[in-house]
4 protein chains.
Amino acid sequence: MQPGERLLEAASATVPLRVMAAHNGLSAKLVVEAGFEAIWASGFELAATRGLPDASIVTMAEHLAVTREMVSASRGLVVADLDTGFGNAINVIHAVQAYEVAGAAAAVLEDKRFPKMTSLISGGRQELVRTEEFQGKVEAACSARNRLVIIARTEALIAGLGVQEALARAAAYEEAGADFILVHSKSRSAAEVQQFARRWTGRAPLVLIPTSYPEFSVEDARDLGNVAMIIYGNHAVRAAISAMQRTFAEIRRDGCALGADTSIAPLEEVFRVQGMSELKSQEARFLR
Amino acid sequence: MQPGERLLEAASATVPLRVMAAHNGLSAKLVVEAGFEAIWASGFELAATRGLPDASIVTMAEHLAVTREMVSASRGLVVADLDTGFGNAINVIHAVQAYEVAGAAAAVLEDKRFPKMTSLISGGRQELVRTEEFQGKVEAACSARNRLVIIARTEALIAGLGVQEALARAAAYEEAGADFILVHSKSRSAAEVQQFARRWTGRAPLVLIPTSYPEFSVEDARDLGNVAMIIYGNHAVRAAISAMQRTFAEIRRDGCALGADTSIAPLEEVFRVQGMSELKSQEARFLR
Amino acid sequence: MQPGERLLEAASATVPLRVMAAHNGLSAKLVVEAGFEAIWASGFELAATRGLPDASIVTMAEHLAVTREMVSASRGLVVADLDTGFGNAINVIHAVQAYEVAGAAAAVLEDKRFPKMTSLISGGRQELVRTEEFQGKVEAACSARNRLVIIARTEALIAGLGVQEALARAAAYEEAGADFILVHSKSRSAAEVQQFARRWTGRAPLVLIPTSYPEFSVEDARDLGNVAMIIYGNHAVRAAISAMQRTFAEIRRDGCALGADTSIAPLEEVFRVQGMSELKSQEARFLR
Amino acid sequence: MQPGERLLEAASATVPLRVMAAHNGLSAKLVVEAGFEAIWASGFELAATRGLPDASIVTMAEHLAVTREMVSASRGLVVADLDTGFGNAINVIHAVQAYEVAGAAAAVLEDKRFPKMTSLISGGRQELVRTEEFQGKVEAACSARNRLVIIARTEALIAGLGVQEALARAAAYEEAGADFILVHSKSRSAAEVQQFARRWTGRAPLVLIPTSYPEFSVEDARDLGNVAMIIYGNHAVRAAISAMQRTFAEIRRDGCALGADTSIAPLEEVFRVQGMSELKSQEARFLR
């Protein structure tokens, strides 16, 4: 069964799918170990790990390489964040083919203009492409994929265009072939997306990213009835940042690593995650 | 001034240099922000971030790309972990040239046989190349560099060959042109490397990696008198692993991200590290 | 002396500089061996070598990697084709910094809209950005470079906007800081660019790409008086294509490679270009 | 049907399969267009295109990326040249998995020691690993692959060890699981490999690379009865080199590109290979 098919099967078994952000093979593996059903190959996290803004600066080639790394390291289902598709509908075609070959289960395309600006920044420009233009991108994606699940993401709420426009765009994207609709919001409460979900009459299930309304729970999603996935969009890199800052400060302050050692993963745990025991078995079996 | 020259200058100003491991541009930037004098472009950390053993599986091309990313994101001094030099003395020549162009300040070459096995694993094979063979690699490195600092690392203690052999190798590597000598140990106490340092009569300053003897402090290094650098070899990725595990578990358990949000970096802190304010200035200045 | 400075020095010594297209380290090396003063790191050629259209599908990361390869293999001066700058002025900033670190001598930015369409295709869309928008990109480039030469390329003639618009744009780009002005034309005669050159009153020297008017010679450029470079934009890959087609057909037809062997480079010549004699010297010196 | 299965099916339909070297997506596409049954993702060609010796300097990551590019551009069957497997049996496991995911149909592993020296150079060191060590690598490859065809290559003749040793090694590699046996020779006549083929009693079909004995034909292979593939190992890059040298020299000599234009592929042919007509159709269909 292809990854896209496995994702659809998972989505019918578990409601909602919980999808956690990752930014490399390691974090993808930890996502799977923690029991999430899928991995969010987050453009935001990838940009952050390079010390760069999430603004179409990191290229598709680099994001694709990390997607491959995640699939290989985790053997999990990867929902790939394709941003705007890295350009126009032609770029979308090439991207969709490449991500499917890379082993992704789903691709998310958003209706921002390339180069995009990250969604949750205050005061950032948030420019959308015309609805028809984005329909062309969704159709291009659907024509290019084989089993990859296509998720259309509208940034209408992010751009301040309101629920009505978000619903109209979502309907247009479903018409163009999208399998799921992701609606993003920067509201500090879930009310906005809940209103969207209640008024949504399409058959495409919804996907939410409750970064700005973190109290939104799996139960809340079930209550809405048409939410198929919750994406935790940036928690892996945020956890890593604060932990590294604390550890670095402690070692600098103490003048040695003794104290820090007690609050970070022991080497044996790193070895476990790296698969050292499998490596040793392979060495015993094949090195002569 | 080239990075290698800046590193030598820093080493004469601060004793010992504190060098913290990193595995991407983000962690490199945080290392500099925390006040460490240099960044350890750790092969172990890079392998771990891909979910792979530290056993010459990740290629030079991949490690080099991350080294570039670190230099670009941090503007700091990068001490690059070249493992065995990725093959023989010819590979060393190509590696040294590439890392110097990439902006590294120093390159560390170790006397293990390629493909290597990570040093601190229990029961792993630890095979060294002959002393003369490694002298050839050090000479090759010195012939190929321009200003890059060349650090020869002996794994004689890791391989269980004793302090005498480690000293003999160190002397041979200094004779071949090494600027610094790194001596690695897996002993649970600092006594082994302290014995090495006290018996070392070469003029090349020493470098230590006190992973297995974390109580070893900056003061201890100063007491020895010939230790120029302490490398904290894997604490960035270990901090990240435990933090992601905790955060992932909490979100899975809570069914929402509200609780986890309080212990991880807020989005605003990620934006700061990404340079969003500089991006906004650039947009204001150049987008028309 | 930095590559950008070396290029400016070369441009004052030889008029015009002859710049030949390349698509990898090998072709770059052959360009230098053939006596051209500089290498054109051609986006068109790079796309073609991947079997892809020259339409912003190949990413900056991939083009940058090939640029590095060219610098390293040839030690020559590389004029990098940055297309549109891979997005907006922010992308330009990141690109310019990266190409300068990669060792490029000059960067060419064109005033097409991203994603671009290759210039010489018949019936292709050729959309330019507004003059002010492109001025912002040129200013961004100049603010981000250190010694890299910035060449502004107008596609006004390609877009059918006429010489007057091309001149107006060129003047605006010079005002924004461009060091050279590249004017591209798809006319089957040189008359169009000659008219441009004669009417050009700016102090920035001109750059021409006489693909569609191949009779245009070095002498013709000298006659114009303000042409500093001629770029042969795609002849390396075109030579390679026809040669591979002939050789492949001959071997298929003959059922063996005996006949083809006489018209292709002998292995000894490949060894020479690869630097096998230097490798042997290095092995003799450093392998023990 | 997976690529490995398609290759086995092709090998039963056409005897011998003709496999032509390529070094990028473009050359791979031309190989398929010329009617060859498969593409040789040649390590020698790849090194040459970077201006580097074929001596384990180019990394697996880079060769793998080109393999992906070939599969994507050509949609053909790719026989990947894995050299020594990039290290020991553990490296082989990771390589085999990665190349299968990349879409290769077959992987060739040779019994040289890493880092290798190119086979046909005169006076080069040609060191083989022990037979048992290479059996471990073949077994590791077979354990790691799913449908990828595993071809074991012996360099015993290249190393001057004679036909008897080559046969013994071939038998040992077949016993370890190899699907095909490749025997390489630097003899100026086919007699050596013909002797090998006549004395070979294994059931694994043979693969030959008649670079040094180019008169060896498809008919000669059929006469032997157990030769399943002929690989033309380096003719793409050799054709490209001589063509670029001629074209570059002509343009330098003429002072213009008019003369050279008649002997190289016209732009329209490059557009065809790039798929510009498909791009135009896609634009018409999806750009709005």
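Me: What makes the eight strands of chain C a barrel, and in which order do they run?

Reply: In this predicted model, the eight strands of chain C close into a barrel in the order 1-2-3-4-5-6-7-8, and the pairing is parallel. Neighbouring strands of this sheet are turned against each other by 25° on average, with direction ignored.

Me: Where is C:Ser217 found, and why is C:Ser217 called buried?

Reply: C:Ser217 lies in the loop between strand 7 (206-208) and helix 9 (218-224) of chain C. Buried means under 20% relative accessible area, and C:Ser217 has 14% relative accessibility, so C:Ser217 counts as buried.

Me: Which residues does C:Ser217 touch, leaving out residues up to four places away in sequence?

Reply: With those residues set aside, C:Ser217 touches C:Ile230, and it also touches D:Gly255 and D:Cys256 of chain D.

Me: How many residues does the contact between chain D and chain C take from each chain, and how much area do the two chains bury?

Reply: The contact takes 81 residues from chain D and 82 residues from chain C. In chain D, the residues that lose the most area to chain C are D:Arg238, D:Phe248 and D:Arg252, which together make up 11% of what that side buries. Between them, chain D and chain C bury about 6,700 Å², with 68% of it on carbon and sulfur atoms.

Me: What are the corresponding values for chain A and chain D?

Reply: Here the contact takes 24 residues from chain A and 23 residues from chain D. The area buried between chain A and chain D is about 1,900 Å², and carbon and sulfur atoms give 58% of that area. In chain A, A:Ile90, A:Phe286 and A:Arg288 lose the most area to chain D, together 37% of what that side buries.

Me: Why are chain A and chain D described as related by a two-fold rotation axis?

Reply: Chain A can be laid on chain D by a turn of 180° and a shift of 0.0 Å along the axis, with an RMSD of 0.0 Å. The two copies are therefore related as by a two-fold rotation axis.

Me: What arrangement do the strands of chain A form?

Reply: Chain A has a closed barrel of eight strands in the order 1-2-3-4-5-6-7-8, with parallel pairing, and the twist averages 25° from one strand to the next. Within chain A, strand 7 (residues 206-208) and strand 8 (residues 227-232) run parallel and are joined by three bridges, which meets the requirement of at least two, so the strands count as paired. A:Leu206 has A:Val227 of strand 8 as its bridge partner.

Me: What makes strand 5 of chain B mostly covered?

Reply: Six of the six residues of strand 5 (residues 149-154) of chain B are buried. B:Val149, B:Ile151 and B:Arg153 point one way from the strand, whereas B:Ile150, B:Ala152 and B:Thr154 point the other way, and all are buried.

Me: Which strands does strand 5 of chain B pair with?

Reply: Strand 4 (residues 106-110) of chain B pairs with strand 5 of chain B in the parallel sense over five bridges, and B:Ala106 stands opposite B:Val149 there. Strand 5 of chain B is also joined by four bridges to strand 6 (residues 180-183) of chain B, and these two strands run parallel. Strand 4, helix 6 (residues 131-144) and strand 5 of chain B make a right-handed β-α-β unit, and strand 5, helix 7 (residues 162-175) and strand 6 of chain B make a right-handed β-α-β unit as well.

Me: How do you know that both faces of strand 3 of chain D are covered?

Reply: In strand 3 (residues 78-81) of chain D, D:Val78 and D:Ala80 on one side and D:Val79 and D:Asp81 on the other are all buried.

Terms used
Residues are numbered from 1 along each chain as its sequence is written. Chains are lettered from A and ligands numbered from 1 in the order in which they are written. This is a predicted model: local features need pLDDT of at least 70, side-chain atom pairs count only at pLDDT 80 or more; totals for chains, interfaces and linings use all residues. Side-chain values use heavy atoms; hydrogens and water are left out. Axes are lines fitted to C-alpha atoms, for helices over the stretch in contact, and angles run from 0 to 180 degrees between N-to-C directions. Buried means under 20% relative accessible area, exposed over 50%, partly exposed in between (1.4 Å probe, protein chains only). Copies are superposed by least squares on the C-alpha atoms of residues with pLDDT of at least 70 in both. Contact means heavy atoms within 4.5 Å. Buried area is the accessible area (1.4 Å probe) that two parts lose on being put together, summed over both. A crossover is right-handed if, with the strands pointing away from the viewer, the path from the first strand over the helix to the second runs clockwise.
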